[in-house]
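Dear colleague,

Please find below the structure that I am handing over to you.

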Amino acid sequence: MDSAALEPSLYTVKAVFILDNDGNRLLSKYYDPELYPSMKEQKNFETNVFNKTHKADNEIAFLEGMTIVYKSSIDLFFYVVGSAQENELMLMAVLNCLFESLSQMLRKNVEKRTLLDNMDGVFLVVDEIIDGGVILESDPQQVIEKVNYRADDNPLSEQSVAQVLQSAKEQIKWSILK
C-alpha cells in the first residue's frame with residue numbers, strides 16, 4: 001500500500017450531501033476538488049450512492065473506493081463520505097452531529113419541505129461542523145449555539161420581535177399614564 005495514503009490527516013470528510021426520497025440533490029458540499037471535479041460526476045456519484053443505499057437498512061456503505069455513512073429520516077437521506085481508510089466512527093460522529101443539529105434547529109421536523117424552507121440555516125450548520133473537509137465540531141448543542149448566535153444578529157429573529165412587542169406595550173402604558 002502507498003504509505004502516503006495511510007498518513008493521518010485532518011481532511012477526513014470528502015463530501016456531505018442530502019438527497020430527497022427520489023434521489024434528488026437538496027444540498028451537497030464536496031471538499032476534495034480532485035474527487036469529483038464536475039457537477040456531472042458528482043450527480044452520477046450521488047445517484048450510485050442513492051441506488052445502493054435507499055432500500056438498505058445499513059448505516060455504512062463502500063462504493064467507488066469511498067466509505068459512506070448515511071441515515072434516512074421521513075423523506076430525506078443524509079450522507080457523509082470519507083476515503084476508504086477513514087475511520088467510520090469519525091464519519092458517523094459527523095453524520096449524527098449534522099442530523100441532531102438539524103433536528104434541533106427544525107424543531108424535530110426533519111423533512112424535505114422544512115429543510116428547504118430553512119436552507120440558510122442548514123448551510124450554517126454544515127459549515128459549523130466541517131470546514132474544507134476538516135471536522136470542527138461533533139457536539140450538536142455547540143453547533144446550535146453558534147448558529148443561533150448568528151441568527152440572533154438578525155433584527156427580525158423571534159426574540160427581537162418579542163422584545164419589540166414588549167417595548168411597544170410599555171410605551172403604550174406610559175403614554176396612557178401621562
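This is a predicted model: local features need pLDDT of at least 70, side-chain atom pairs count only at pLDDT 80 or more; totals for chains, interfaces and linings use all residues.

Helix 3 spans residues 88–105 and helix 5 spans residues 119–129. Their axes come within 10 Å and cross at roughly 145°, and the crossing of helix 3 past helix 5 is right-handed. On the helix 3 side, the residues that meet helix 5 are Val 94, Cys 97, Leu 98, Ser 101, Leu 102 and Met 105. Their counterparts in helix 5 are Gly 121, Val 122, Val 125, Val 126 and Ile 129. Sorted by class, this contact comprises nine nonpolar and two polar residues, with no charged ones.

Thr 12 is found in the loop that links helix 1 (3–6) to strand 1 (15–20). Its relative accessibility is 8%, so Thr 12 counts as buried, the cut-off being under 20%. Which residues is Thr 12 in contact with, leaving aside its neighbours within four places in sequence? They are Val 81, Gly 82, Ser 83, Glu 86, Leu 91, Gly 133 and Ile 135.

Ser 72 belongs to strand 4, which covers residues 66–73. With a relative accessibility of 47%, Ser 72 counts as partly exposed, because that class lies between the 20% limit for buried and the 50% limit for exposed. Along the chain, Ser 72 and Ile 18 are 54 residues apart, and their C-alpha atoms are separated by 9.5 Å.

With kind regards

Notes
Residues are numbered from 1 along each chain as its sequence is written. Side-chain values use heavy atoms; hydrogens and water are left out. Axes are lines fitted to C-alpha atoms, for helices over the stretch in contact, and angles run from 0 to 180 degrees between N-to-C directions. Helices (H or I, at least four residues) and strands (E, at least two) are DSSP runs, numbered from the N terminus. A crossing is left-handed if the near helix is turned anticlockwise from the far one by less than a right angle, and right-handed if clockwise. Contact means heavy atoms within 4.5 Å. Ala, Val, Leu, Ile, Met, Phe, Trp, Tyr, Cys and Pro count as nonpolar, Asp, Glu, Lys and Arg as charged, and the others, Gly among them, as polar. Buried means under 20% relative accessible area, exposed over 50%, partly exposed in between (1.4 Å probe, protein chains only).
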